[in-house]
Amino acid sequence: MIEQYTKLVRDKIPEDLDNKGISYEKRTAEDYEYVQALFKKLKEEVNEFQKDKNNEELGDVIEVVETIKKLPEFIEVGEFLEIKKKIKFNEIENLEKKLRPINYLKSLFIKLNQRTIEFYKTKKTEELAELIEVLEAIKEIPEFRDVEEIRQKKLEEKGGFEQKIILSGEKYKK
């Protein structure tokens with residue numbers, strides 16, 4: 001079965017597809033379309049991370065969030081994070097983490113999904129800050145501590161999303 005796709009891809013993906021002889025259509029997204037494509041990519045990557053629960057998928061989520069943080073409309077997110085740290089928002093979560101580590105991880109996945117949906121719906125800087133806090137908490141869990149190293153390696157190999165590349169084409173669905 002053949003499926004059509006149109007999606008934002010990492011900067012070096014077209015080069016990889018060329019090397020494999022895979023055909024596609026490439027264009028550069030307009031600014032508004034780029035923002036929408038990043039939100040869609042964030043949902044996609046969060047779903048993949050929740051399914052696979054590995055460092056590579058978490059790294060993909062973080063890479064999309066890092067790209068979103070660079071957009072002019074979200075430049076203030078650092079200020080929101082600093083304010084939240086001063087309020088000591090995580091005291092209850094830290095207690096829960098010590099008492100029930102398995103439930104803590106499950107609760108983080110639920111919060112990740114909730115924060116992603118809220119941010120996708122509202123496009124508010126405050127919601128992005130909430131999402132980043134959840135990602136930071138996940139990165140503290142031992143099985144995800146290598147995520148930054150893995151993310152950097154993938155960034156070097158495949159690039160980020162700064163070139164606003166949208167690919168369209170057909171792929172075979174199993």
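**Close-up views of helix packing and aromatic pairs**

Phe-39 and Phe-74 are both buried in this predicted model.

**View A. The edge-to-face pair of Phe-39 and Phe-74**. A search of the whole structure finds six aromatic pairs; in one of them the ring centres of Phe-39 and Phe-74 are 6.2 Å apart and the ring planes stand at 85°, so the pair is edge-to-face. Because Phe-39 belongs to helix H2 and Phe-74 to the loop between H3 and helix H4 (77-87), the pair ties together parts that are 35 residues apart in sequence. Phe-39 and Phe-74 form one aromatic cluster with Phe-119 and Tyr-120.

**View B. The edge-to-face pair of Phe-49 and Phe-109**. The ring centres of Phe-49 and Phe-109 are 5.2 Å apart and the planes lie at 65°, so this pair is edge-to-face. Phe-49 comes from helix H2 and Phe-109 from helix H6 (residues 101-122), so the pair ties together parts that are 60 residues apart in sequence. Phe-49 is buried at a relative accessible area of 0%, and Phe-109 is buried at 9%.

**View C. The contact of helices H2 and H3**. The axes of H2 (residues 31-52) and H3 (residues 55-69) come within 8 Å and cross at roughly 160°, which means that H2 is roughly antiparallel to H3. The crossing is left-handed. Residues making the contact include Leu-38, Phe-39, Leu-42 and Phe-49 of H2 and Leu-58, Val-61, Val-65 and Ile-68 of H3, and the residues of the contact divide into 11 nonpolar, one polar and six charged.

View D. Glu-56 counts as partly exposed, at 41% relative accessibility. Beyond its neighbours within four places in sequence, Glu-56 is in contact with Ile-150 and Lys-154, while its C-alpha lies 6.8 Å from that of Val-147, a residue 91 residues apart from Glu-56 in sequence.

Note on methods. Residues numbered from 1 in each chain as written. Predicted model: local features only at pLDDT ≥ 70, side-chain atom pairs only at ≥ 80, totals over all residues. Heavy atoms only, no water. Axes fitted to C-alpha atoms, helices over the stretch in contact; angles between N-to-C directions. Helix = DSSP H or I, 4+ residues; strand = E, 2+ residues; numbered from the N terminus. Parallel < 35°, antiparallel > 145°, perpendicular 65-115°, else oblique. Left-handed = near helix turned anticlockwise from the far one by under 90°. Contact = heavy atoms within 4.5 Å. Nonpolar A, V, L, I, M, F, W, Y, C, P; charged D, E, K, R; others polar. Buried < 20%, exposed > 50% of the residue type's maximum accessible area, 1.4 Å probe, protein only. Phe/Tyr/Trp six-rings, centres within 6.5 Å; stacked < 30°, edge-to-face > 60°.
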